[in-house]
Amino acid sequence: MMRRSLGIRHLVCGSCNGCEHELNTLVSSYYDVTQEGWDFVASPRHADVVTVTGPMTESMREAADATVAAVPKPFIVVAVGDCAAGDGPWSGASCAGTGAGVELNAAATIRGCPPTPDAMKDGLREAARKLSEY
Amino acid sequence: MMSETIWIDDPALLRARVVAESRRSVLLGAYAGLPNELHYAFLDSSGAYAFSHRLAAGVKARAVSREIPALSWDEREMAQESGIVFDEPADDRPLRAVAGRMPQAIVANGPGLMHFVVGPVHAGIIEAGRFTFSSGGETVVHLDAQLGYAHRGVEKHCRGVHALEAARLIARICAGCGASRSFAYARGVEALAGVILAPEVEFARLILAELERVHNHVGDLAASASSAGWMPGFIMGMNLKERAMRLCGIASGHRLLFDAIVPGGVSETVFADCATFYSEFVVLAGEIRRFLARLFTHRSVLSRWRHAGVLRAEAAQAFGAVGPAHRASGGSIDVRAYAPYGAYAQLRATPALAKHGDVMARCTVKHDELLDSLKLVQETWNRLGGAPLPSRIRFAPREGVAVAAVEGPRGAETVMLHIAPDGRLSRLHVVSASYRTWPAVAFAMKENIVPDFPLVNKSFNLCYACVDR
């Protein structure tokens, strides 16, 4: 059981909040991720996984880098949503980056605009598998 | 909805008219148009209109924010994004970060006062913002809320995009109020082209807009149960929010109603499965009513909600708060009832009102609005009768300027759009209900204790993405 447990820290980098609406439903009884041994943690210091959303913005870049740098190793960055994957609707906008997942070296990507809660659970399971190989 | 533009050449007269109009009718927002054009948009019971002014080259614009504090953010944004120079604005800092650096926060200084910063990264699954508290021990004396971390350059990115294709982008500026924004945008584009929709399509749009209110208000009340310490209420509420999002998915093909309302009508995926939609709606409506009955009889929750985060009527008015925040502080404007649009001319929304301006008042307004929304959906569905919806009207966008506002979950969602002769957007400006209301949130924290910030904040539950754009 311990092998599967994940501390997930979420990092918003210019998302429209659609991915956050969906991530928040993961705590409802329909998806109840605590049954998987997963928990959304309040500090990057407690995290194994950093989920990132949004295209990355100029004003978030420094705080995003500092947050990821604060996570103890080993950890894994997961891009959630098309913006983080690098080809969302704001790709190419003047203050948007190349995708939060691309810029922060995501090892897994969950597709969708936004991804469904089931897709998020699948993606996080894959992240847990990859992390166990680190 | 077709908006009127009144050009005023005399800068002194413009300033006087803007001040007078801000007190008389609903201020939607101000923005800089094409080089050196200033636009001040308002709403009265006959619809939206704007005062516009062409600024002579090299001349400073006259700031209004010292008399109308609600316009301070608009002026700061015009200065930062469009290079407009104002004489004596109330606050001359840029609204957002400059080259990745947030401007200095405003703090209160004095014996026994300390300052601390929270954000931009927060502990929950929430958007980014920087909050600088000035407090004496536990009591907050001043709060400066600095947003802008989701600034992607949305308005600039939409420039030059064909007005029909831009609808897909408009839907994705901010998820919490996306359907309402798509609704306002579609109305603006349609008004310029003289497109009139079939009554059934207007009914469908009303239902979609109310579903957005339902999933937001249920989520807000769940969060307000959580911040009052009642976790079973939080889980019950989050389960119902999930169910409401599933219902949005059944109604439109998208759980957050993206692309459901489009210029010319609604997407072909809307009400593709009428029978499932209606049976699910009836069950969910009953469960939401039962949840509200339990939540609003939970004595310790109500005790935590009372007297917390009081936003007085004068402050709500001065900062230009809209929506539930405005109506919980003695205001009466609900765009659906004040300047009815689409099907709201027939199916009247009843504005929910409260006076005390505390967390309790804001939650009560959302409670009453939820019940009214469920009633409106039922009544509208009865009129629609499950008949197939007329397909989307194909039309070519026409040149012009339009301002359109609809009542979203958090208040007036306004879109200002300029269409060029080739059908492309030459300027787009978005003023969200959250943009109008954020300055009031910071004010509502005064004299509250720091640990009550989540409680007070969640009773507004404003978005960031539509503010930052």
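## Contact between the domains of chain B

Two residues are in contact here if their C-beta atoms, placed from the backbone, lie within 7 Å. The model is predicted. By that contact rule, 18 residues of domain 1 of chain B meet 19 residues of domain 2 of chain B. Domain 1 covers 4-87, and domain 2 covers 154-432. Their centres, taken over C-alpha atoms, are 27 Å apart.

Look at the side of domain 1 of chain B that touches domain 2 of chain B. Three strands of chain B each give two or more residues to that side: β2 (26-32), β3 (37-44) and β4 (47-54). β2(B) gives the most, with five residues. Eleven residues on this side of domain 1 are nonpolar and seven are polar. None is charged.

## Contact between chains B and A

Chain B also touches chain A. Here 36 residues of chain B are in contact with 34 residues of chain A. On the chain B side, α3 (154-158), α4 (166-170) and α7 (231-252) each supply at least two residues. The largest share comes from α7(B), with six residues.

The classes on this side of chain B are 21 nonpolar, seven polar and eight charged residues.

## Helix α13 of chain B

Helix α13 of chain B runs over residues 359-384.

Gly385(B) follows α13(B). The phi of Gly385(B) is positive, near 60°.

Conventions:
Residues numbered from 1 in each chain as written. Chains lettered and ligands numbered in written order. Predicted model: local features only at pLDDT ≥ 70, side-chain atom pairs only at ≥ 80, totals over all residues. Domains from an automatic or database assignment. Helix = DSSP H or I, 4+ residues; strand = E, 2+ residues; numbered from the N terminus. Nonpolar A, V, L, I, M, F, W, Y, C, P; charged D, E, K, R; others polar. Expected span 1.5 Å × (residues − 1).
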